[in-house]
Every structure is written in C-alpha cells, then in structure tokens.
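Keep the viewer open while you read.

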Amino acid sequence: MLNLISDAWIPVLRADGTVDEIAPWQITESYLENPIVKLNDIRPDFNGALIQFLIGLFQTVLDLEDLDDWEDLFDSPPSVDDLKRMTLDLTPAFHIYNPTGPSFMQDFEDISDKGASNSIQISLMDYYQSFFNKSDRIKAICPKCAAKSLLTLQLNAPEGGQGHRTSMRGAGPLTTIIEGPDLWKTVCTNLLTQEEFNYQRLTPVLDAKIFPWLGKTLVSKDDIKTTPEHVHPLHMYWSTPRRIRLQFEDCHDYFCDLCGIACSQISKNYFMLKHGFKYDLWLHSLSPYRQDDKNAFYSVNGKVGRISYPNWMGLVFSKKDKYNQISPAKVVSNYFKYLNTQKYYPVNPVSIWVFGYHIINNIKPKEWIESRIPLIKIQSNYTYEFEKFISHSISASLEVLGNTKTSIRKALYGVSKEKKWSFSSQADSYKSENSKLFFLNLSNQFLQDTEFQFYETLKYLQEILEMDDREDRESKIVNLKIKWLRTLSKSSLLLFDKTTESKLLDTLSTRPKEVLQARKELIMFNNSKQIKDILDLPIETKMPKTEVGI
C-alpha cells in the first residue's frame with residue numbers, strides 16, 4: 001500500500017515540459033539539468049494541498065537554526081540521497097492505510113464500529129458543486145487520489161454538521177505561497193528558521209505532538225480545544241480536525257474515477273466520527289489574518305470573485321481600518337523583513353500564489369479561488385510612501401468601478417440603486433441582470449482590464465522613489481497618479497460602452513438619451529474633486545481628458 005514518503009505520488013512538471021511523478025525526497029532530482037518547476041495535479045485544490053504538504057514536510061525534517069542555514073538551502077540544494085535519508089525516519093507515520101498502526105492524517109483508533117460510513121466522493125471538497133469532477137461519477141479512487149483528497153479536506157475543512165470540526169484556520173482559509181523559479185526554491189522560500197518559528201526540535205520527530213494521528217485524538221465533545229500550548233508548533237502543518245478512517249480493497253486494474261490511472265487498490269468509502277481536534281488561537285504561517293477591535297484573530301477567507309490588485313493591501317502589506325487590521329502571512333512578511341535587513345535575497349521570487357475555497361456560511365464550498373500577485377521589491381526607507389501610493393491607487397480604482405456600475409444601472413434601467421427600478425416593463429430582466437453575478441462579472445472585467453497597468457505603475461513608482469532629487473520625485477509621483485487615473489477613466493468608459501450597447505441590443509430596447517446622460521455623468525464622476533482627494537492630488541492639478549467614445 002502507498003507510503004507518502006517512500007513512494008512516488010506527487011505529479012510535477014519539469015523545466016523541459018516533461019510530466020513526472022515523484023516521492024517527496026526526489027524534489028531536487030536532476031536539479032541542475034532539468035529541475036522541477038511546479039506541481040502538476042489534475043485538480044487545482046490538490047496542487048494547493050500538495051505544496052503545503054511539501055512545505056510542512058521539509059519544515060519538519062530540515063534543521064534550520066538561523067538564516068545562514070536557510071540561505072545554504074538555496075546555495076547548495078541537498079542531494080536526493082540526503083533528502084531521502086532525512087525523510088526516511090518519517091515513513092511509519094505516512095502510510096495511507098495501515099490496519100495495524102497509524103495511517104496518515106487519520107484517527108489513531110479503529111472507528112469503523114462507531115463512525116458513520118460515507119461514500120468516498122464526499123471526501124472531495126467540491127462534492128456539492130463539482131468544480132473539477134462530476135462527483136456523481138466518482139465511485140472509487142486510487143490510494144494516491146485518496147491521500148490528496150484527505151489532505152485537502154483536513155487543510156480546508158468547512159463545518160460538517162454538529163461536532164464535525166473546521167480546519168485549524170477555519171472554513172475555507174486563503175493560503176499565500178511565495179513562488180520561486182522552481183519547486184525546490186518555492187518550498188524553501190516558505191520555510192521558517194527556528195529563530196523565527198520560536199521552537200525547539202523534538203527528538204525523535206515521530207511524536208503525536210507533531211503528527212496527531214500517532215496518538216489518541218483530543219476529543220472535543222465538551223468543547224475541549226487544542227491550542228499551541230498543548231502541542232508542538234509544527235503541528236500546524238499536520239492538523240486533523242476531522243476524525244476519518246479510509247477504507248481500501250484490492251482490485252484488478254481498476255481505472256481510478258479521478259485520475260483515470262489503473263490501480264490495484266481502491267477506496268470506495270470512509271468512516272467518520274464527530275469531535276476531532278478543535279483548534280483555537282493558532283496563527284498559521286501560510287495564511288493572512290484579520291485582527292478585530294477586540295484583539296481576536298481570524299484567518300482571511302476566500303471571497304467570491306477573482307483575487308486581483310485591490311487585495312494587495314492585506315496579502316502583501318498590512319491593511320488597517322477602524323474595525324480591523326489585516327496582516328499578511330508570516331512567510332510573506334518575513335520576505336520583506338529579510339529584504340530590509342540583508343544585502344541580498346538568495347532567490348528571485350516570482351509572485352505570491354494565493355488560493356482557497358469560497359465557502360458559504362462556513363458550510364458549502366461555492367467556488368475555488370486562485371491567483372498570482374506579482375512581487376515588487378522596495379527598499380525599507382520607501383515602504384511608507386509605497387504603501388500610501390498603493391492604498392490611494394486602489395481606493396481610486398474602487399471608486400471609479402462603483403461609478404461605472406452606478407452609471408450602467410442608470411443607463412439601462414433609469415435607476416442607480418439595486419433595490420428599485422423605474423420601468424416596470426423591464427422589471428424581470430432588471431432583476432436577473434442586476435443579480436450579484438452580473439455585477440460581479442462587471443467588477444472582474446474592470447479589474448482585469450486595469451490590472452496589468454496597476455503593476456506597471458508600481459514598477460515605475462519603484463524607480464521614482466529611488467531617485468535622489470526629492471522635488472523631481474514628488475512631481476513624477478503626481479504625474480504617475482494622473483496617468484493611473486487616465487487608465488481607470490478609459491477602462492471605465494470602455495466597459496460602460498460595451499455593456500450598454502450589448503444589453504440594449506439584446507433586449508431590442510432604445511434608450512439613447514438615458515445612455516448619453518449616464519455616460520456624461522460617469523465622465524464627470526471620474527474627474528471629480530472626490531477622486532482627486534482620494535488620490536491625494538494637489539488642488540491645482542488638472543484632471544486628464546478621457547479619449548474614448550462618442
């Protein structure tokens with residue numbers, strides 16, 4: 001039966017485009033000639049779980065006392081033989097099925113006589129929505145897919161009914177990974193030293209304080225909680241809120257309903273029992289957190305819609321309002337901290353990989369969210385000006401987006417508010433078109449249209465801030481803000497024209513006066529004093545003319 005340390009089960013893509021499958025210790029195989037560049041599972045949520053598995057595994061086995069040890073991982077990646085030797089001792093804890101001993105991320109006890117039996121398809125996070133597979137067609141899966149499904153569920157678990165616990169980070173947490181140019185460097189960039197993590201290594205590492213399935217579950221029936229004080233800090237990578245035991249049976253060349261690969265063992269069902277670990281007071285190193293005015297922390301959850309540049313504040317830099325403060329994941333804040341204290345960074349990160357499930361009412365996954373946010377280096381003495389510029393630019397973008405949607409409502413229906421409409425003959429179409437999905441798509445389109453220019457603006461800002469002439473620098477920053485506003489205004493009008501023209505043609509309606517008036521007001525809104533104040537532009541600044549349209 002599959003062992004997640006010794007056997008190959010992780011699908012990857014190499015630099016030359018070759019598809020491969022590796023054991024974890026093979027991550028540096030052919031590193032100089034043909035390195036592994038990324039994970040390559042058929043399901044995006046499995047890729048998200050696998051990168052966390054690899055980070056957790058090497059955080060556990062590598063002895064990183066300080067930054068010198070950490071930098072050595074980049075300068076001299078361990079050989080395959082070294083990594084195999086480091087991980088070999090963990091083999092007993094990573095059997096996906098072991099009838100006489102511990103099984104990976106499963107309950108220490110045999111719960112088959114106590115727990116409810118469930119079809120294996122229910123272990124998939126998207127069971128109710130079928131984002132990636134038609135769930136009703138999944139009757140049996142191979143051990144490799146069962147391991148990935150179990151890992152994904154334990155890391156993201158929503159509420160599963162009374163007594164079935166959510167993940168350590170709550171239902172549907174966002175995960176942020178700093179991506180390097182290859183898989184090994186991506187993993188290493190997200191590791192913490194013992195100094196940063198504030199922990200001491202356990203010897204031996206095979207301990208239930210790290211791997212909870214090696215001992216009895218701390219049953220939470222009486223609301224007993226598991227906090228960082230009860231276990232080892234590395235437990236955060238191996239949390240098991242759900243009490244589960246997978247069941248397997250032998251077969252002859254069955255083709256897995258998920259990956260389509262022939263296998264000799266399959267899983268059709270699993271047992272689940274209530275009151276697994278109930279986690280509290282944890283701050284996971286791979287997730288951003290929101291701190292409320294009562295000093296309570298909550299992991300940032302996935303929200304409906306695409307992750308775009310307005311999410312920069314909170315995911316890359318801290319964001320604060322009168323109710324909350326959102327702070328980046330520890331691995332992200334450590335990256336910028338390192339940049340500001342060291343002469344160089346040992347690898348050139350590509351982006352921040354952001355992903356997670358949007359879960360409705362903490363119960364039902366609605367969609368999978370995934371995006372990549374470019375990383376831009378900035379010197380510490382310019383961080384304040386950089387963050388201020390970003391905050392103003394994002395606020396201006398959201399203001400123009402709001403103006404655009406308001407004008408589209410007025411053009412099509414004669415109203416600016418969602419709750420009312422003026423033309424009863426169009427009431428039914430207004431209700432459907434004014435659904436959240438319709439305006440969500442408008443928002444996504446606007447952000448997509450302006451996203452590239454936003455990051456280009458930040459690159460120019462980086463160059464400007466490093467100029468010696470302060471007076472010239474301030475003048476160029478003003479011009480950069482005006483250029484950004486011109487981009488927003490142009491995209492706003494293009495979206496307005498495209499939407500109103502297509503919708504009016506679809507409904508065979510003609511409202512030229514209303515469209516022209518709404519368009520005129522949109523131009524006025526987007527060049528108003530309010531926008532100028534948001535961008536913190538000088539009062540005497542002349543607003544840009546928008547060269548679009550009729």
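Let's start with two helices that sit roughly perpendicular to each other, helix 1 and helix 3. This is a predicted model, so every value here is computed from predicted coordinates. The axes of helix 1 (residues 44-61) and helix 3 (residues 80-88) come within 10 Å, and the crossing angle is roughly 80°. Since angles from 65 to 115 degrees count as roughly perpendicular, that is the label this pair gets.

Which residues make the contact? On the helix 1 side they are L57, F58 and V61, and helix 3 brings in L83, M86 and T87. By type, the contact of helix 1 with helix 3 has five nonpolar residues, one polar and no charged.

Next up is an open sheet of four strands, in the order 9-8-11-10 and with antiparallel pairing. Its edges are strand 9 (297-299) and strand 10 (319-320), each of which pairs on one side only. Strand 10 and strand 11 (residues 324-327) are linked by two bridges in the antiparallel sense.

**The cavities**

How many cavities of 30 Å³ or more turn up in a search of the whole structure? The search finds four. Here are two of them side by side:

| Cavity | Volume | Residue types in the lining |
|---|---|---|
| Largest cavity | About 80 Å³ | eight nonpolar, three polar, one charged |
| Second largest cavity | About 60 Å³ | five nonpolar, four polar, three charged |

The lining of the largest cavity consists of L67, W70, T189, N190, L191, L192, E196, V331, N334, Y335, Y338 and Y345. Which helix gives the largest share of that lining? Helix 8 does, with four residues. Both helix 2 (67-75) and helix 8 (330-341) supply at least two residues of the lining of the largest cavity.

For the second largest cavity, the lining is made up of M105, Q106, D107, F108, P212, W213, T217, T240, R242, R243, G276 and F277. Three of the residues in this lining are charged, while the lining of the largest cavity has one charged residue.

Notes. Residues numbered from 1 in each chain as written. Predicted model: local features only at pLDDT ≥ 70, side-chain atom pairs only at ≥ 80, totals over all residues. Heavy atoms only, no water. Axes fitted to C-alpha atoms, helices over the stretch in contact; angles between N-to-C directions. Parallel < 35°, antiparallel > 145°, perpendicular 65-115°, else oblique. Contact = heavy atoms within 4.5 Å. Nonpolar A, V, L, I, M, F, W, Y, C, P; charged D, E, K, R; others polar. Pairing = 2+ DSSP bridges. 1 Å grid on protein atoms, 1.4 Å probe; cavity = no way out; pocket = protein on both sides within 12 Å on 5 of 7 lines; lining within 4 Å. Points joined across faces, edges and corners; volume = space filled by probe spheres on them.
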